[in-house]
Amino acid sequence: MSQKQAVSKGSSQFKLKNGLDVRLVPSSKSPVVSVQMWVKTGSADERLAEQGISHFIEHLVFKGTNKYGVGEIARTVEAAGGELNAWTSFDQTVFYVNISREFTDTALDVVAEMMGSPLFDAKEIDAEREVVLEEIKRTNDSPSRKGSRLLFSTLYKKHPYRLPVIGRPEVVSGVSTKVLRRYFSERYSAKNMVLVVGGDFDSKEMKRLVTARFGELPGSRVRAVKRAAEPAAKKTSKVKVVVESADVQEMQLFMAWPVPNAKHKDVAGLETLSTIFGQGDASRLVRALRIDSDCVTSIGAGCFAPKDRGFFSVSAHLNPTRLGEALPLIKKELVGLLSHPIESVEIQRAITNVESAEFYGLETAEGLARKTGSLTTLLGDPSEFKVYLERVRGFTSEQARKLTKAYFDPSKMQVVALIPNSSDRTAVEKELQTFASNLKSEWTAALKTKSVAAKKKKATAKKKAPVWKAGIDVDVEIERRTLSSGLRVIARRTTSTPVVSARVGFIGGSRIEAAGQEGLTELLSRTWISGTKTMSEIELLGKIENLAAGIGAFGGRHTAGVSAQMLSMTERELCDLFIETTFSPVLTEEIALRERTMMLESLRTRADRPGQIAGRLFMETMFAKHPYASDPMGTIESLGRIGGKHLAELRQRMITPKDGVFVLTGDADLDLWCDALEKATKPHASRRTTFSRQPFRWNGAEEVRKFHETKKEQTQILIGWGALTLDDPRRYALQIAQAVLAGQGGRLFIELRDKKSLAYSVGPMAMEGVDAGYFGASIGCAPEKGETAIRMLREEFQKLNDTLIPEIEMDRAVRYLIGSHDLGLQKAAAVSSTILFNEIYGLPAEDVFNYSQSLRSVTAKDVRDLIRDILSRPPVLVAVGPSQPW
């Protein structure tokens with residue numbers, strides 16, 4: 001079966017009498033269905049006085065229909081084990097339900113109700129205004145959102161892309177029910193929608209169900225929208241530079257050039273060029289500024305090609321004191337697009353990754369449907385993607401140079417920077433103007449220079465698109481082997497997609513770090529994949545990306561290891577790389593210093609992330625004097641003490657096969673991996689890891705409160721109690737209690753968000769560790785709502801303590817958990833991860849697939865008894881925000 005057949009076999013398209021465009025994308029890979037409604041209207045279709053109305057309506061259709069009351073849509077879907085959500089963009093608004101195929105009717109019904117008969121009740125509209133206003137405040141506290149808004153408002157002066165999708169507070173506060181209803185009737189017509197159903201179903205039966213349920217949607221005339229056209233970009237003698245200061249710790253830098261919309265023939269080449277230039281560790285920008293240097297914390301390139309004119313951008317996050325180092329390197333790489341032509345290996349790497357994305361997309365029903373919806377609304381027909389793929393496959397070095405000359409002229413470039421208030425804005429503007437001027441000069445010179453390298457390059461045969469034949473997974477068994485070294489090998493092999501996940505883990509992690517070396521495990525996870533005895537770091541990263549695969553290290557409180565994802569067609573090559581990377585890495589002082597610098601920068605900029613501050617404050621308060629209280633990122637002092645020698649020692653201590661587990665899932669060759677692992681682990685067979693549990697007891701008699709002041713618009717509040725270890729048999733009861741509170745149909749969402757409009761984000765939180773755990777909730781709200789939020793959070797936990805959960809609510813919680821569990825296991829990587837950590841912590845790997853039985857054995861009394869035990873301990877309450885909420 002060819003790649004294209006694997007993706008689209010059985011796909012069909014038809015139109016209902018009301019004009020609704022329907023796309024069916026069947027796949028029997030998992031017993032899951034994704035129902036998605038793509039409405040071809042977004043924030044760019046709004047009048048100025050309506051700014052944010054598309055996003056507001058996205059919220060309101062969940063607030064009741066002719067058939068479903070407030071909260072009933074979410075409760076109905078979650079009671080069937082499904083998940084639902086929506087998002088709004090410039091060009092579309094999308095609503096989706098992912099659910100077991102057994103409850104396909106439920107998904108179709110709720111989506112049809114939301115699109116056909118939302119109530120727009122005045123009382124509910126006013127309540128949801130507060131929620132959206134809280135969401136706006138949350139985005140105002142996000143440095144990345146601030147940077148994005150600055151970029152778009154600079155690049156677009158007439159076109160509505162200049163305005164934030166979420167809208168303005170004054171519009172959201174004042175928009176009337178009449179205006180909301182009018183906009184919905186004008187734009188939410190069946191003629192302006194695309195229904196996509198992906199997953200496990202019979203196409204003929206699905207067509208019948210869709211026709212019956214969606215055939216009655218109004219097919220009224222769609223109000224035509226004429227978006228303001230953005231003036232054509234003109235060459236300028238002086239590059240436009242915009243610098244703004246904000247309450248941020250890290251600088252965001254953008255360079256952007258105008259490009260055509262999604263339908264233009266050049267977009268395939270521009271997106272391929274963006275992959276080569278700034279996506280992945282082997283790309284030119286990442287290699288020059290993040291691998292070979294440490295002057296940025298992140299850098300990349302991207303092509304934004306929406307319905308209307310888009311842009312190509314280079315974006316970077318960095319310490320403003322490193323700007324002088326970063327700009328010359330960026331300039332060198334930009335000019336290098338002309339003076340150092342794109343090489344065949346770079347082109348093939350990009351092509352391979354685009355083609356392989358098709359296979360990775362087969363893993364979930366949601367992914368299949370989302371791709372079809374996106375292509376249909378942007379390009380008009382998913383089949384246009386075939387043309388796109390052919391353009392990508394035909395990409396050449398000569399074409400790259402032509403596109404570079406046509407689009408990346410510095411005279412059309414705009415430079416945007418968001419900097420900390422403490423930085424000298426005038427000095428930054430001057431430095432960026434000097435950069436732009438120098439770039440123009442070197443660019444002009446490069447245009448006049450013929451590339452000798454380009455003439456010397458010989459044409460190489462293009463690789464054929466990978467071929468794979470699908471199988472059917474029936475009664476898949478877990479296979480177990482133990483190697484002579486003691487390493488346990490567990491496999492769950494399937495053939496429905498060509499994706500393979502491999503993962504090895506060892507007991508260790510931050511819990512075995514020596515005193516004063518906090519952060520060592522995190523540093524190891526950042527440096528493990530940085531070269532071997534036979535390959536440099538860049539050679540290794542290039543080989544991995546050439547195979548459209550990923551190899552990465554992980555490190556937590558109790559474990560560390562290496563994981564990989566690949567396609568079965570390249571499994572043999574990836575197996576060799578995985579083994580060499582895991583067991584023969586080279587950890588140099590230079591790389592350790594580079595990544596340590598990145599960690600220090602992350603600690604320095606933590607003030608930009610109030611949620612992270614609140615989380616750290618909670619852990620420090622909850623687990624005082626226990627290792628759980630320490631920061632996995634370490635401290636400025638501890639990071640200053642560790643280097644390559646300590647990394648090598650820690651890795652050597654942890655690679656103990658007798659304490660390790662290797663898990664293989666997907667369309668894999670088990671014998672291949674076992675043979676390779678047998679040879680690689682034999683030299684380590686005699687070692688064991690010294691690890692002992694340190695049970696934590698909550699001896700405090702009174703509630704502990706901590707507050708940290710920040711200059712943000714919202715207050716982050718966390719409240720929690722000491723709870724369970726990960727092997728406590730009562731953990732399933734705790735998960736049910738958590739599910740009763742969670743989701744859009746859960747108590748916290750309904751009581752604190754739906755009824756009281758206290759927050760956009762509220763939900764339960766829990767941790768089950770080897771030594772201890774916690775159970776509680778978090779909320780982000782306006783400072784003046786903090787005291788009420790804390791009171792209501794306490795009330796919801798007290799209800800769990802005082803009253804048995806009703807049978808219907810218990811059933812919803814159990815189905816919600818089972819559904820979320822099953823949806824999450826559609827990907828091979830999720831299966832391998834769950835099996836690995838179960839096995840390494842002494843829990844049966846089979847528990848992954850016996851989850852529903854474990855949950856269904858829990859009674860409402862079991863849950864109440866557990867909650868009473870947990871709440872008998874005093875809680876920890878922390879808040880981070882502009883004012884103390886108690």
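Q: Which residue forms a salt bridge with K137, and how far apart are the closest N and O atoms?
A: A salt bridge pairs a side-chain nitrogen of Lys or Arg with a carboxyl oxygen of Asp or Glu, within 4 Å. Keep in mind that this is a predicted model. Here the partner of K137 is E134, and their closest N and O atoms are 3.8 Å apart.

Q: Where do K137 and E134 sit in helix α5?
A: They are three residues apart in helix α5, which covers residues 122-140, so about one helical turn separates them.

Q: Are K137 and E134 buried or partly exposed?
A: The idea is to look at relative accessible area, where buried means under 20%. K137 has 22%, so K137 is partly exposed. E134 has 1%, so E134 counts as buried.

Q: What about R47 and E50?
A: Their side chains also meet in a salt bridge, at 2.6 Å from N to O. R47 is partly exposed, at 36% relative accessibility, whereas E50 is buried, at 2%.

Q: Which parts does the salt bridge between R480 and E839 tie together?
A: In this pair, the closest N and O atoms are 3.2 Å apart. R480 belongs to strand β12 (residues 479-482) and E839 to helix α31 (residues 828-840), so the bridge ties together parts that are 359 residues apart in sequence. R480 counts as partly exposed, with 43% relative accessibility, while E839 counts as buried, with 10%.

Q: Which residues do salt bridges that share partners join into one network?
A: That network holds D45, D91, R187, R227 and D308.

Q: How many salt bridges does the structure hold?
A: There are 64 salt bridges in the structure.

Q: Now for the nonpolar side chains: how many residues are in the largest nonpolar core?
A: In soluble globular proteins, nonpolar side chains tend to be buried together. In this structure, the largest nonpolar core has 63 residues. Those with the most contacts inside this core are L253, M255, L289, I299, F408, M413 and L432.

Q: Which helix gives the most to this core?
A: That is helix α12 (residues 323-339), which gives eight residues.

Q: What is M255 in contact with, leaving aside its neighbours within four places in sequence?
A: The contacts of M255 are F312, S313, V314, L327, I330, L334, M413, Q414, V415 and F435.

Q: How many residues are in the other core, which lies apart from the largest one?
A: This other core has 55 residues, including F62, L108, A190 and L209.

Definitions and conventions:
Residues numbered from 1 in each chain as written. Predicted model: local features only at pLDDT ≥ 70, side-chain atom pairs only at ≥ 80, totals over all residues. Heavy atoms only, no water. Core = buried A, V, L, I, M, F, W, Y, C linked by side-chain atoms within 4.5 Å. Buried < 20%, exposed > 50% of the residue type's maximum accessible area, 1.4 Å probe, protein only. Helix = DSSP H or I, 4+ residues; strand = E, 2+ residues; numbered from the N terminus. Contact = heavy atoms within 4.5 Å.
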